[in-house]
Amino acid sequence: MVRDTVRAYVRDRVLPEVAQWFEEGMLPRELGPELGRLGLLGMHLQGYGCSGASAVAYGIACQELEAGDSGVRSFASVQGSLAMYAIHRWGDEGQKRTWLPAMARGELIGCFGLTEPDFGSNPAGMRTTARRAGSDWILDGTKMWITNGSIADVAIVWAQTGDGIRGFIVPRDAKGFSASDIHRKLSLRASITSELVLADCRLPAESQLPLAQGLSGPLACLNEARYGIVWGSMGAARSCYETALEYAKTRVQFNKPIAAYQLTQQKLVNMLLELNKGMLLALHLGRAKDARRAQPAQVSFAKLNNVREALAIAREARTILGANGVTLEYPVIRHMNNLESVLTYEGTSEMHALIVGKEITGRAAFE
Ligand code: TGC
Ligand code: FAD
């Protein structure tokens, strides 16, 4: 039911317009309430107006959204798995009641500020600080590459304190907070990406997420969003595979459809093998997550594999479309360019290789 509902929404609402959004570098804000009405925001969280769906159901929704565009899945990921999850996991009762129901409805949009201009793969080095001023907090610093930043009503910002890294709920109208968009992206164009500036940004004591302490606070949120990408990337890959298959059946060269040539069939079969393996991996991980057995290194294993293979499938599909493959008339190059961001955000492929490397050898090779 989840698959059919989200697939129909993507078919009717996203696919007719997404090439235009990509070209213009925008994503309509109305998608927030629409996705909220479908129960897709904070979908796998319990209570506070969230759907309380299983991890597998949430994954299937991510797959269908990203079959439309990675930017649409990103929107839902950042809202549900990063901003809402941070409040749900690390917030107190008052914070949850204040923010989560309206975020689940998509009336309030959230973003998640971890990355900084000089600290991407290594967030432990972040320079953003939060210091006490009486019972208030004062935040100073810059966050970079923040999805939904300038359209967000609330930012979850991670900062160094005298007591380690802590998380803060920053409303967009907080004095000293500003957001500006990053332009000229050639990837994930149907998604807003921003810089957040916190300049003497004063927040009341109750803005701090009381239960998060240290880097495990933001990293626990990343596990959730990375899990969504494991499924989502296969949605983008499926769209590329299906487009290439249909094109190959109808495109005639040397008096035959190109699908009739062995080299084309080899490409399609290789794509299908990796697509089905990636989907089975996602399902296996989702069932482990529902049984509370999924480990962070397993999420890294799956994110590394599925995004890498999705990108390879998109590139192979692009070759089958020939010159048509380089235009926005077909979804393939849009997915291919998007997947370059997906390979980098939520931990680069190199970081996930190092996380899995540490797991199997017992030796950390990050530094
Ligand atoms: P390390 O010493 O290994 O760990 C520090 C503390 O964190 C704990 N921990 C985790 N906890 C929960 N989940 C995980 N996956 C965890 N990994 C580690 C760890 O146990 C420890 O806890 P404690 O209590 O002992 O303090 O930390 P490290 O500094 O060596 O870093 C490890 C490393 C490199 C793996 C980590 O920094 C990392 O994952 N880097 C990649 C950064 C990243 O993924 N950034 C993503 C930013 S958000 C984003 O991209 C959103 S895109 C959104 C969209 O549009 O979809
Ligand atoms: P760097 O960390 O500088 O890495 C550059 C290269 O060096 C990479 O190949 C990396 O793997 C490699 N490298 C780094 N360290 C090592 C090492 N120890 N060993 C081997 N290789 C290494 N962040 C947020 O906080 N919130 C968001 O909402 C968000 N949205 C994003 C949206 C988009 C479109 C993009 C592109 C990024 C987004 N990010 C977000 C940021 C993203 O998480 C970072 O870009 C990512 O973590 C990598 O950081 P970096 O770009 O600074 O690259």
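**Surroundings of the two ligands**

A residue counts as near if one of its heavy atoms lies within 4 Å of the molecule. The model is predicted: local features need pLDDT of at least 70, side-chain atom pairs count only at pLDDT 80 or more, and totals for chains, interfaces and linings use all residues. Residues are numbered from 1 along each chain as its sequence is written, chains are lettered from A and ligands numbered from 1 in the order in which they are written, and side-chain values use heavy atoms, with hydrogens and water left out.

Ligand 2 makes polar contacts (pairs of N or O atoms within 3.5 Å). A nitrogen atom of ligand 2 is 2.7 Å from a polar backbone atom of Trp145. For Phe112, the distance from a polar backbone atom to a nitrogen atom of ligand 2 is 2.9 Å. Glu350 places a polar side-chain atom 2.8 Å from an oxygen atom of ligand 2. The protein buries 67% of the 970 Å² that ligand 2 exposes when taken alone. These accessible areas come from the Shrake-Rupley method with a 1.4 Å probe.

Helices (H or I, at least four residues) and strands (E, at least two) are DSSP runs, numbered from the N terminus.

Ligand 1 has 25 residues around it; Ser74, Thr147, Asn223, Arg226 and Glu346 come nearest. A polar backbone atom of Glu346 lies 2.9 Å from an oxygen atom of ligand 1. Gly347 also has a polar backbone atom 2.9 Å from an oxygen atom of ligand 1. An N or O atom in the side chain of Arg73 is 3.4 Å from an oxygen atom of ligand 1. Taken alone, ligand 1 exposes 1,100 Å², of which the protein buries 71%.

Helix H5 (70–90), helix H7 (216–250) and H11 each supply at least two residues of the shell around ligand 1. H7 gives the largest share, six residues. The shell around ligand 1 divides into 14 nonpolar, eight polar and three charged residues.

Methods
Polar contact = N/O pair within 3.5 Å; in protein donor to acceptor, adjacent residues only side chain to side chain. Nonpolar A, V, L, I, M, F, W, Y, C, P; charged D, E, K, R; others polar.
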